Amino acid sequence: MDLDESMEVGPISEEFDGKKRITRIVSRIKDYQDKVKEIVTGNYTDFLPCCYDNLTIMKNGKILEEEINNVVSLVNQDSSWKHSEENMKHHREELSEAIMGYKTSFKLQTIHSLFEMIPRCGDDYPKLLQILEKIKVLLNDGSDPILPKLDCYQSISLRYHEEYQILLHSLNKKFETLIQFNEKLFQHTKTVTLKIKKDEDQLHQVIVSLVHTNYNVNKMCKFLMDNVFEPIITRPVSLTVNENDGDFVTMQLSYQLEVNEDLRPNHKIIFQRIMETFYCLGHMNIVISERQCIFSIIAKHIKGSMCKLIIDNCLQKDIPDTIDEMNDSSIMMAIQAFNKFLAEMLFLDNENDHVLDEYATKIDVLFQKKFCTNIVSSALEIMKKDLHDMCFVEEREAHFSSGSETFSSCMISKSTIDLKKFLDKILLEASSSEKQLSERLLRTIAIILERYTTEVSHNHQKLLLKIPQHTALFHNNCNYLSYWLQKNASKLNEQQSFMLIGSSLRNQGNKTFNNQLQNQRTQLLQSLEGFDITNAMVELGPEPHKAVRQCIRQLDLLKSVWQTVLPEHVYKHSIGSLLVTFCGEIIRKIFNLEDITAVIGKGLVNVLAIVIEKTPQLFKDPTDITIVVKNWTKLTQLATILDASLIEITEMWAEGKGPLTLSYKADEIKHLIRALFQNTKHRQTCLASIVQL
């Protein structure tokens with residue numbers, strides 16, 4: 001055979017051998033597929049027994065895979081196949097299709113083998129999970145377009161889900177035997193029992209498996225929060241831990257369903273109870289990874305609400321009430337130690353959970369806020385006390401560097417005296433406290449005094465409106481507190497805000513008292529409506545006498561409740577202003593008459609005599625009436641004029657130089673002369689002599 005012939009024989013022979021090998025391997029793949037199909041159809045479609053041994057078929061499949069790899073390698077590497085590509089194309093496509101079929105069949109065979117392993121695993125939960133996870137991966141292989149289209153796919157998927165649910169049920173049952181949470185409800189009490197099996201290997205196996213199945217821990221977390229932590233934080237509990245209860249560690253918690261707020265435990269007891277609970281629960285605190293354990297999983301569900309409950313129902317109420325208590329308190333260190341404990345238990349994350357630590361750093365500020373809030377509350381309680389319970393206050397100091405206001409001795413409500421003493425204590429505390437607390441205490445004083453007028457006005461609204469004595473006391477109280485502010489201006493750092501508060505106090509006290517004065521004026525004018533005289537009257541009648549006496553009784557009553565209460569100058573001014581109204585209205589009504597008969601004039605003189613006799617008695621010194629009541633002289637002179645002759649009136653006018661000129665104008669005297677006397681030459685002469693200089 002020559003060189004050319006030898007070169008032709010080689011490729012033909014190799015091509016022929018390749019075809020044979022492809023044909024043979026394709027045939028074996030089809031045979032393998034038929035057997036796998038029969039196994040799968042029997043188990044997942046027809047549910048009939050199969051005559052083939054699954055292990056043998058599986059072993060043959062792996063051997064077949066090696067042969068397939070060899071043939072594929074031959075096809076890819078031998079250059080002679082490339083020269084005969086057109087001739088071998090059909091065989092290569094046939095091989096490719098056969099390989100795809102083999103892969104699907106081998107996957108089905110693998111899934112079936114995995115299913116057959118499940119019964120042999122028993123309670124080896126991690127291994128069962130591993131098997132089911134492998135099945136899940138094979139079923140959900142996105143690169144395989146054939147498997148999801150097979151008739152058996154739905155049956156196999158259903159089998160997988162059934163096995164998974166069986167595993168979950170088994171895990172839950174096992175978990176409930178290892179960790180038992182029970183509660184018993186009685187009429188007035190509740191008992192909660194936690195039992196944890198002392199078998200770390202079983203606990204680890206079950207808990208880790210549950211975590212990998214995305215076990216819903218909400219039920220367990222809710223039970224712990226509602227039945228263990230919430231009662232420990234909010235009420236007295238009886239807690240016992242028994243580590244010698246056979247194979248279990250047992251914790252029992254009992255408590256009253258309804259408790260008095262006064263019996264609420266303090267933070268030290270609460271922290272201790274929570275720590276004891278964590279020590280007990282620590283027997284189930286299986287470590288799952290470097291940063292994950294049971295406590296960290298539970299924490300995701302309850303740490304926020306638990307920390308909030310601790311702050312709202314424990315720590316806020318345990319902030320000290322007084323400075324001495326605060327100085328002796330260790331609440332800040334207790335919170336920090338408790339926070340560290342929870343972090344060590346991996347319940348809190350040191351990097352992200354700072355609620356309790358931040359609260360601890362704010363204890364000083366929170367104490368100051370609570371302390372000052374309690375101060376305001378105490379001050380408000382003082383303001384609610386009766387106003388009419390009073391005492392005399394005598395102050396000799398009159399002027400201060402900050403202003404020209406004065407305060408005169410008078411009656412003050414004992415509640416205001418108590419408030420003043422309370423403010424003295426606050427001011428003393430502020431002077432000896434560090435800057436931050438001192439400034440807050442001064443602001444608290446401002447708040448108390450700003451609220452004084454509104455709180456007292458609200459709490460004693462009806463009395464201030466109806467009872468003159470209460471109004472007078474409120475007036476005095478406001479001015480007394482304003483006086484206190486001025487007196488302590490230097491201790492209050494001469495703050496302008498306090499001066500404004502003092503001014504507001506005085507204004508409100510004066511405004512309320514002036515409103516009372518206006519009410520009294522209105523009553524006087526209403527009473528004097530009975531002082532009704534007209535030109536047509538023949539005689540005066542009893543009504544003017546009655547009206548005047550009613551007004552005098554009203555003024556006498558005010559004297560009895562004001563004279564010993566108000567500062568003397570305030571009393572004089574107040575009763576004097578009412579008398580000005582009273583006298584002015586009487587004068588006005590008399591001047592309205594165009595004709596005054598002798599009988600009417602005599603009656604008016606009698607009425608005015610009562611006024612002139614009684615009203616000076618409203619003052620300690622009756623002569624004060626001439627100074628305080630500006631129209632008093634005019635009233636007394638009117639009484640004189642009504643009972644005088646023309647000559648006497650002329651003499652009292654004395655050509656504009658007599659006593660009548662102090663209160664009257666010439667036109668007024670002429671009006672009275674015309675009303676009192678008939679038109680005669682003597683009257684004309686008298687009128688002519690009444691001229692204004």
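Trainee: Which residues form one aromatic cluster?
Mentor: Phe229, Phe278, Tyr279, Phe295, Phe341 and Phe347 form it. Keep in mind that this is a predicted model.

Trainee: How many aromatic pairs does the rule give?
Mentor: The count is 13 aromatic pairs. One of them joins Phe367 and Phe371.

Trainee: What makes Phe367 and Phe371 a stacked pair?
Mentor: Take the distance, then the angle. Their ring centres are 5.5 Å apart, and the cut-off for a pair is within 6.5 Å. Their planes stand at 15°, and stacked means under 30 degrees.

Trainee: Where do Phe367 and Phe371 lie?
Mentor: Both are in helix H14, residues 363–383. They are 4 residues apart, about one turn of the helix.

Trainee: Why is Phe367 called buried?
Mentor: Its relative accessibility is 4%. Buried means under 20%, so Phe367 qualifies. Phe371 has 12%, so Phe371 is buried by that rule too.

Trainee: Why is the pair of Tyr452 and Phe474 called stacked?
Mentor: The ring centres lie 6.2 Å apart, and the limit is within 6.5 Å. The planes are at 10°, against a cut-off of under 30 degrees. Therefore Tyr452 and Phe474 are stacked.

Trainee: What parts does the pair of Tyr452 and Phe474 tie together?
Mentor: Tyr452 belongs to helix H16, residues 435–459. Phe474 belongs to helix H18, residues 468–487. The pair therefore ties together parts 22 residues apart in sequence.

Trainee: Are Tyr452 and Phe474 buried or exposed?
Mentor: Tyr452 has 2% relative accessibility, and Phe474 has 0%. Buried is under 20%. So Tyr452 counts as buried, and so does Phe474.

Trainee: How do you know that the charged end of Arg159 sits over a ring?
Mentor: The ring is that of Phe115, and the charged end of Arg159 is 4.4 Å from its centre. The distance limit is within 6 Å. There is an angle test as well, within 35 degrees of the ring normal.

Trainee: Where does Lys634 lie?
Mentor: Lys634 lies over the face of Tyr664, 5.3 Å from the ring centre.

Trainee: Now the strands. Why do S1 and S2 count as paired?
Mentor: Strand S1 covers residues 179–185, and strand S2 covers residues 189–197. They share 7 bridges in the antiparallel sense. The rule asks for at least two, so S1 and S2 pair. Among the partners, Lys184 bridges to Thr191 in S2. S1 and S2 form a hairpin, with 3 residues between them.

Trainee: What makes S2 and S4 a pair?
Mentor: S2 and strand S4, residues 248–256, have 9 antiparallel bridges. At least two are needed, so S2 and S4 pair. Lys190 stands opposite Tyr255 in S4.

Trainee: How many disulfides are there?
Mentor: The structure holds 0 disulfides.

Trainee: Why is Cys280 called buried?
Mentor: Its relative accessible area is 2%. The cut-off is under 20%, so Cys280 is buried. Cys372, at 6%, counts as buried as well.

Note on methods: Residues are numbered from 1 along each chain as its sequence is written. This is a predicted model: local features need pLDDT of at least 70, side-chain atom pairs count only at pLDDT 80 or more; totals for chains, interfaces and linings use all residues. Side-chain values use heavy atoms; hydrogens and water are left out. Rings of Phe, Tyr and Trp (its six-membered ring) pair if their centres lie within 6.5 Å; planes under 30 degrees apart count as stacked, over 60 as edge-to-face and the rest as tilted. Buried means under 20% relative accessible area, exposed over 50%, partly exposed in between (1.4 Å probe, protein chains only). A disulfide is a pair of cysteine sulfur atoms within 2.5 Å.
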